[in-house]
Amino acid sequence: MNPTTVAVAVEAPPVIMAPDVSLPVKNAAKETAEGILYGSIAGIVGKYIEYPFDTVKVRLQSQSDHLPLRYKGPLDCFRQSLHADGFLGLYRGISAPLVGAAAETSSLFIFESLGREGLYATGLASRETPLSLPALYTTGAFAGALASFVLTPIELVKCKIQVPGGASSAGLKPLAVVRDIFRHDGLRGFWHGQMGTLIRESGGSAAWFGAKETVTAIFYTRATKKVSSATERERILATPLPLWQQAIAGASAGVSYNFLFFPADTIKSRMQTSPLGTAGEKPSFWAEGSAVWRQSGVRGLYRGCGITCLRSAPSSAFIFMVFDGLKRHFPL
């Protein structure tokens, strides 16, 4: 999201300006191209930063409640993982997630742009007036819901590789895991855990885009609060925020995304790390969630949340900074 799209009145609450679309067809094509290219680059950068933490998160989430816990907490999981596989072991299976990160981030920016176009087309918003924060939360939810169908198969492969022994029969190779999933569960099996991804992405993406724009608007409000000149105010709003403020806005987005809907991600991870070829029908999202609740309550649903928020803050900060910076300096 380009910081120059934020418009704030001196006394009025901050609002977010919609993109200036003087040539709708050309701009729509440009937004799509930038979403694909720059979103992919930003997603890959963010994934390299967060992946070791994500590996620890999945291992913590996938622990069985019927057996003694293998890991006492995030630090113990890090220690055991480093001792067993070395530092590179924390990057096990990163090839599929890199593809997923590129697909996730680019699709989120593309679908969010499409969500804006939908609001304009239905008359719920106008191109000539600022797009409100509630509208931006809505477009974020729309983007996440659509992106979830892209992410579930990728995350299924990732989770099976990350958990020790989870993909040992497939040799820990992404293509081998794909073949294993298809052999046991068919094409439908790649969307095992879709409900969890849908809830996490629709709610989390609303918080991701919304929190970033809310914090950005707050910074611009503070910067223009004591400015009396309209020219000076416009100059400030047309200038990108300092890097540290951009980082805070992006970091707040990552923490909001992960914390608010973490239980859905926990249930999804448990479903996706279950062994392939298990006899009997696999538990549904709600059945798996009920089992976690009965065994461990809220604590079980938020197992691994701390380290997830820790890794999401710098990752999301870099994603937005890279995406906004590329759009600003290298417009297509």
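Q: What sort of residues line the largest cavity: nonpolar, polar or charged?
A: The lining divides into eight nonpolar, nine polar and 10 charged residues. Asp, Glu, Lys and Arg count as charged; Ala, Val, Leu, Ile, Met, Phe, Trp, Tyr, Cys and Pro as nonpolar; the others, Gly among them, as polar. This is a predicted model, where local features need pLDDT of at least 70 and side-chain atom pairs pLDDT 80 or more, while totals for chains, interfaces and linings use all residues. Residues are numbered from 1 along each chain as its sequence is written, and side-chain values use heavy atoms, without hydrogens and water.

Q: How many cavities are there, and what is the volume of the largest?
A: The count is two cavities of 30 Å³ or more. The largest has a volume of about 420 Å³. Among the 27 residues lining it, Lys 47, Glu 50, Glu 104, Tyr 257 and Arg 311 are closest to its centre. A cavity is a set of points on a 1 Å grid over the protein atoms alone where a 1.4 Å probe fits but cannot get out, and lining residues have an atom within 4 Å of a point. Points join across faces, edges and corners, and volume is the space filled by probe spheres set on them.

Q: Which helices supply the lining?
A: Helix 1 (24-61), helix 3 (95-122), helix 4, helix 6, helix 8 (243-260) and helix 11 (305-329) each give at least two residues. Helices are DSSP runs (H or I, at least four residues), numbered from the N terminus.

Q: What does Glu 50 pair with?
A: Glu 50 forms a salt bridge with Arg 311, with the closest N and O atoms 3.0 Å apart. Glu 50 is in helix 1 and Arg 311 in helix 11, so the pair ties together parts 261 residues apart in sequence. A salt bridge needs a side-chain nitrogen of Lys or Arg within 4 Å of a carboxyl oxygen of Asp or Glu.

Q: Is Arg 311 buried or exposed?
A: Arg 311 is buried, because its relative accessibility is 8%. Buried means under 20% relative accessible area, exposed over 50%, partly exposed in between (1.4 Å probe, protein chains only). Arg 311 also bridges to Asp 54, at 3.1 Å between the closest N and O atoms. That pair is 257 residues apart.

Q: What about Lys 158: what does it touch?
A: Lys 158 touches Tyr 51, Asp 54, Val 58 and Pro 97, not counting residues up to four places away in sequence. Contact means heavy atoms within 4.5 Å. Lys 158 is found in helix 4 (residues 133-162) and is buried at 6%.

Notes. On a 1 Å grid over the protein atoms alone, a cavity is a set of points where a 1.4 Å probe fits but cannot get out, and a pocket is an open set with protein on both sides within 12 Å along at least five of seven lines; lining residues have an atom within 4 Å of a point.
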